[in-house]
Amino acid sequence: MTFDELVPVWRSSRNQPDPAQVEQYKAGIASHLGREYREFLWHVGLTTALTIFLAGGFVQYVRSGGAFDWQLEWAAIVFLLLPIGVAALFVRGFIRHRRQHPRYDLSIRDGLRALIDENRLARARLRVSMTVLTVAMALVPVVTYQLQLVGKQRPHEAASMLAVFGAAYVVSMAWQVWKYRRKLLPESARLRELLRSYEP
Amino acid sequence: MMNSTDQQAIFDSWLREHAAILHHVTNGFASGADRHDLMQELMLALWRAVPAFRAASLPSTFIFRVTHNAALTWKRAERSYRRRVDSFQQQHIDLAPSVDEAHGEPATEQLELLYSAIRSLEPLDRSLVLLQLDGVSYAQIAEIHGLSESNVGVRLNRIKHRLTATLQEKTS
């Protein structure tokens, strides 16, 4: 049996999908998209609410005449500014990526190149995130020390803060290292191998 | 920006006219229960690609590019995989080639044999041969993949020989 002998079988009616099955898949897609949209709203809503709550609370405190000594409490400001700096870096990386691959949709090969760059960007984001998280963790003792110095935090509150931030740091770092090594690096290797198969 | 009603209308019309492309890609890249996962992945990729479609190219060429791209980069997500497969198995959806009353079982076996031989190829080769079987010209295949036309010809010639050898091995 040769390849050419099987071409008529390929073009026959039995190599066509069942319309009822296609409809069932469409229903599955609609429910998947709905779930994805709800999850997106939940994440964006939660992040926005937390940011507004924290930043708004601080601004409200200062505006209502609350005592704030910039020289003695600078670490808390640096701590609050860190996420904004990270967000700015992420946006810059995304804009650069879009400029480097303006027509990723021209061919599958172009799309693969863009995907490899996207993977590189995702790994760079994780490296930045892990570095900033470590800097933030190193700042926590300074923040608690300064807050105690100006009488805004008691020793047992400082201990709780260190414990919560320490636990969050360990969990977050473990998840990011796992994602970097077990997901992004193998994915990068797989995509590069696929792109290599395009070379004559 | 396209609204969701227009997006749905275009998506529905593409599926009405070109569902066979998705069926062929699914069976050419996945077997068994994996087919449910890939089919859903292809449909999601197509849905998301609708707003990027420009009338300058034919819908079929666009659909070939999107679905083959999704199949080439597809890697089943273990976490959601079991949930998706279970959901479709509960509905008794079977994506395997159907049995045609007029031609009967042997032809279906031949088709499954051909798909199995295609799946034994490297991913890029699978995509190239599926496109050719679907009647896409060398020039269009070259455009879809970003290869030269002569390169496509050379590769397809080599793939056909390899497929014939595999088929003969499987049937002997």
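1. In chain A, where is confidence lowest and where is it highest? The mean is lowest in α2(A), at 87, and highest in α5(A), at 95. Over the whole of chain A the mean pLDDT (the predictor's confidence in each residue, from 0 to 100) is 90, and 100% of its residues reach 70 or more.

2. A word on how to read the values: this is a predicted model, in which local features need pLDDT of at least 70 and side-chain atom pairs count only at pLDDT 80 or more, while totals for chains, interfaces and linings use all residues. Residues are numbered from 1 along each chain as its sequence is written, chains are lettered from A and ligands numbered from 1 in the order in which they are written, and side-chain values use heavy atoms, with hydrogens and water left out.

3. Now to chain B, which has eight helices and zero strands; helices (H or I, at least four residues) and strands (E, at least two) are DSSP runs, numbered from the N terminus. Of its 172 residues, 55% count as buried (buried is under 20% relative accessible area, exposed over 50%, partly exposed in between, with a 1.4 Å probe and protein chains only).

4. The two chains meet through 40 residues of chain A and 61 residues of chain B, contact being heavy atoms within 4.5 Å. Together they bury about 4,500 Å², 62% of it on carbon and sulfur atoms; this is the accessible area (1.4 Å probe) lost on putting the two parts together, summed over both. W10(A), R14(A) and Y25(A) supply 21% of the area that chain A buries against chain B, more than any other three residues.

5. Two salt bridges cross this interface, a salt bridge being a side-chain nitrogen of Lys or Arg within 4 Å of a carboxyl oxygen of Asp or Glu. R48(B) and E36(A) meet in a salt bridge at 2.5 Å, N to O. There is also a salt-bridge network that links E23(A), K26(A) and D12(B).

6. Within chain A, have a look at E73(A) and K152(A), whose side chains form a salt bridge at 2.8 Å, N to O. E73(A) lies in the loop between α2 and α3 and K152(A) in the loop between α4 and α5, so the pair ties together parts 79 residues apart in sequence. E73(A) is buried, at 4% relative accessible area, whereas K152(A) is partly exposed, at 32%.

7. Helix α4 of chain A holds D117(A) and R120(A), three residues apart, about one turn of the helix. Their salt bridge has its closest N and O atoms 2.8 Å apart.
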